[in-house]
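My notes follow in the order in which I looked things up.

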Protein chains: 2
Amino acid sequence: MKHQNFILIISGPSGSGKTTICKKLLELDKNLFYSVSITTRKKRDNEVNGIDYIFINKEEFLEMIRKDELLEWAEIYGKFYGTPKKPIFENLNNGKDIIMDIDVQGKRKIERNFRGRVISVFLIPPSKEALIERLRKRGDLSEEELFQRISLIDIEMNFKWEYDYWVLNDNLERAVMDVKKIVDVERLRGKFILI
Amino acid sequence: MKHQNFILIISGPSGSGKTTICKKLLELDKNLFYSVSITTRKKRDNEVNGIDYIFINKEEFLEMIRKDELLEWAEIYGKFYGTPKKPIFENLNNGKDIIMDIDVQGKRKIERNFRGRVISVFLIPPSKEALIERLRKRGDLSEEELFQRISLIDIEMNFKWEYDYWVLNDNLERAVMDVKKIVDVERLRGKFILI
């Protein structure tokens, strides 16, 4: 049985654990391809170019927009973020399923482009307090950024209604297994079969 | 998190393993309630009244129809089969998810009555030959019944297109785990949450 391959989008408020869950998932499932976003923001010390993000400058980013090489992009606080087209199409053609860690605006654009092939998961933090605590501990945000993120939590949480699945991230291992199960089960929707 | 509870319907051609999978699933998942069908056909030696079917006579069955106590029913080769309403409603009210092993006609009726709350799984046998072999080995069918079942396989297989999920039953343990995952994942669609 061969399924129709899909794009799995993982969203959730900052600090909900999107990136960690994506990384763990990639270790568990060799048929997944992780779409690395492109950004013009500065690399943080704990980040690796090409793994966490592809870091480029603004001119390069604008050039990619002009050449129509991005599936979706957005400007947030003066920094650009985008999803490169080529790896997505190549990997879909090779039968891989795609996972991406993207915000709700990005999700909406991807859904419009890949109608019927997108599965969306919203990560629910155990509580608002836990979320703020996690953001603070991560230590990679300035006080101003932290304040911005916190003030956005309620708004971000309300986007959960437009997602297919909700995964509560009160326990990382269980949350990873929940997302892995979603991937497995979506593959049972496959409509190609040999009998 | 509390999900909207659902009715999981398992269909598949005779001999595809519906009943076995339902029984195994009940052992794995204590939040499932198995809807036992009512029938007027004769009990076979390996069957237990109240577990495999509820065996009643034709007059009792017609009385249940008159009293509107059946969610759906059908007459097949002169025998009646039906799904009793009361246990379904009681268990849904108690927050249980329902599983039932039912044919495509029954599924359509249940879907009409519980719009948006039905999840359907079609069991795919590994091959037509394996299916015939399994039916023969089961030894509970007369030659005539066996012939009827075999001639229906192709027709039954074509109903797979109207099911949400396909589970290949080439390996019982894996097939059971696939259905268990479907149950787990459908519970992540829950739209009630405390945060």
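**Entry 1: strand E1 of chain A**

I began with E1(A), which is mostly covered: 5 of its 5 residues are buried. Buried means that 20 or more other C-beta atoms lie within 10 Å of a residue's own; 12 or fewer make a residue exposed, anything in between partly exposed, and C-beta atoms are placed from the backbone. Strands (E, at least two residues) and helices (H or I, at least four) are DSSP runs, numbered from the N terminus.

I then asked which residues are buried on each side of E1(A). On one side I found A:Ile7, A:Ile9 and A:Ser11. On the other I found A:Leu8 and A:Ile10.

**Entry 2: what I am reading**

This is a predicted model, where local features need pLDDT of at least 70, side-chain atom pairs count only at pLDDT 80 or more, and totals for chains, interfaces and linings use all residues. Residues are numbered from 1 along each chain as its sequence is written, while chains are lettered from A and ligands numbered from 1 in the order in which they are written.

I checked the confidence next. Chain A averages a pLDDT of 90, and 96% of its residues score at least 70. pLDDT is the predictor's confidence in each residue, from 0 to 100. Where pLDDT is low, the predicted coordinates should not be read in detail. For the model I noted ipTM 0.72 and pTM 0.81.

**Entry 3: the sheet of chain A**

Two strands pair if DSSP finds at least two bridges between them.

I went through the pairs.

- E1(A) and E7(A) run parallel and share 4 bridges; A:Ile10 has A:Asp101 as its bridge partner.
- E1(A) and E8(A) also run parallel, joined by 5 bridges; A:Leu8 is opposite A:Ile119.
- E2(A) and E7(A), residues 97-101, are parallel over 3 bridges; A:Tyr34 is partnered by A:Ile99.

Then I looked for a helix on the sheet.

**Entry 4: two helices of chain A**

At what angle do H5 (residues 128-138) and H6 (residues 143-158) of chain A pack? I read about 160°, with the axes 11 Å apart. H5(A) and H6(A) are therefore roughly antiparallel. The cut-offs are under 35 degrees for roughly parallel, over 145 for roughly antiparallel, 65 to 115 for roughly perpendicular, and oblique for the rest.

I listed who meets whom. From H5(A) come A:Lys128, A:Leu131, A:Ile132, A:Leu135 and A:Arg136; from H6(A) come A:Leu146, A:Arg149, A:Ile150 and A:Ile153. Contact here means C-beta atoms, placed from the backbone, within 7 Å.

**Entry 5: the sheet of chain B**

In chain B, 5 strands form an open, parallel sheet in the order E2-E7-E1-E8-E9. E2 (32-34) and E9 (165-168) of chain B are at the edges with a single partner strand each, so one side of each has no neighbour in the sheet.

How values were computed. Axes fitted to C-alpha atoms, helices over the stretch in contact; angles between N-to-C directions. Contact = placed C-beta atoms within 7 Å.
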